[in-house]
Amino acid sequence: MKIQRYLHLSVAAAVATIALKTGAWWVTDSVGLLSDALESVVNLAAALFALWMVSVSQRPADSEHHYGHAKAEYFSSALEGLLIFIAALAIIVAAVDRLLHPQPLETLGLGMGLSVLSSFINAGVAWMLMRASREHHSIALEADARHLMTDVYTSAGVVTGLLLVPVTGWQWLDPVLAIAVALNIVREGASLLYRSAHGLMDRALDPEEQRQIEAVIAAHVQGWAADGVRADDLRTRRAGRHRFCELHLHVPEQWSVGRAMQLRQALAAALIERVPGLRVTIELAPVAAEPLAAQPGTGHDPIEEG
């Protein structure tokens, strides 16, 4: 199943939950349920933008973008974080107004039933998107999944509060819960913006992936250590669903080009086998020389054998 199809599913779920939650707010006049409905509008906008950005990210490299368009997915998660902040502000404004002008809630049973149904839809879609995000290494899918799960937790909090209002008689509980919901989704929005910024700044791969790469390199270099073969200046980065690895492989000057290339290809194949989808760039250099691109402090140190 292609990534776009998962996002089409997210769009359909957002439309369905908007209808259900708007209906829940309409019959209850609960500002908590209104905040829930507003967040679903954000879900729809985010899913549509994510669909666009994923389509852009899959475009091949061209004359103006030699490394492709994979980073477009980070714009999707960043916009989703920004939209979450806007929704939170709208929720707080509505909640403060209700605190100042309290009103009784009506038809809670039907309203809560509609809200719970929408939560089941969101939870199911979020689970599918999260599983797909791990399979495809897509931050756009992961951001959409996390946002949908935040929506589920939000709905659970709102429904719990609405159950307590008729028991306690505290009308202020509804708007206070709405403010709590807003603060919760602000946290999620900040997390998405933080991760998007790191992605755009070419953050290194996860420590576990980094260790796997270093282990493969060390194993290959160890067999030729007697000839002075070494590897250094290892650099990794992630761009959307793509992962990149660059390093320098130093071989004896007397080696033929064919022999050096054979070692280089074997190392690249082993790296790709250990980390599927990894894009490897290996620059060959004599043992006693260092390419001009090498920069101390960025992985320049030799990779230890063993």
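Figure 1. Arg238 is buried, with a relative accessible area of 18%; buried denotes under 20% relative accessible area, exposed over 50%, and partly exposed the range in between, with a 1.4 Å probe and protein chains only. This is a predicted model, in which local features need pLDDT of at least 70 and side-chain atom pairs count only at pLDDT 80 or more, while totals for chains, interfaces and linings use all residues. Residues are numbered from 1 along each chain as its sequence is written, and side-chain values use heavy atoms, with hydrogens and water left out. Arg238 forms a salt bridge with Asp206, and the closest N and O atoms are 3.9 Å apart. A salt bridge is defined as a side-chain nitrogen of Lys or Arg within 4 Å of a carboxyl oxygen of Asp or Glu. Arg238 belongs to strand β1 and Asp206 to the loop between α6 and α7, so the pair ties together parts that are 32 residues apart in sequence. Helices (H or I, at least four residues) and strands (E, at least two) are DSSP runs, numbered from the N terminus. Asp206 is partly exposed, with a relative accessible area of 44%. Both residues take part in a network of salt bridges that links Asp206, Glu209, Arg238 and Arg243.

**Figure 2. Two further salt bridges.** The count of salt bridges comes to 6. Side chains of opposite charge can pair when their charged atoms come close. In one of these bridges, the side chains of Glu208 and Arg211 meet at 3.0 Å, N to O. Both residues lie in helix α7, 3 residues apart, which is about one turn of the helix. Glu208 counts as partly exposed, at 42% relative accessibility. Another salt bridge joins Arg235 to Asp233, with the closest N and O atoms 3.3 Å apart. Arg235 is partly exposed, with a relative accessible area of 28%, whereas Asp233 is buried, with a relative accessible area of 3%.

**Figure 3. The backbone at Asp233.** Asp233 is located in strand β1. Its phi is positive, at about 55°, although Asp233 is not a glycine. Most residues other than glycine have a negative phi.

Figure 4. The pairing of β1 with strand β2 (residues 242-251) is antiparallel and extends over 8 bridges. Within β2, His248 is the bridge partner of Asp232.

**Figure 5. Ala219 and Leu267.** Ala219 is found in helix α7. Ala219 is partly exposed, with a relative accessible area of 49%. The C-alpha atoms of Ala219 and Leu267 are separated by 9.4 Å, and the two residues are 48 residues apart along the chain.

**Figure 6. A nonpolar patch on the surface.** Leu99, Trp170, Trp172 and Val176 form this patch, which has about 380 Å² of accessible area in total. Patches are made of residues with over 30% relative accessible area and no salt bridge; like charges are joined within 9 Å, and nonpolar side chains (Val, Leu, Ile, Met, Phe, Trp, Tyr) within 5 Å. Accessible areas come from the Shrake-Rupley method with a 1.4 Å probe, and for residues only the protein chains shown count as cover. Val176 is situated in helix α6 (residues 173-200) and is partly exposed, with a relative accessible area of 35%.

Methods:
Two strands pair if DSSP finds at least two bridges between them.
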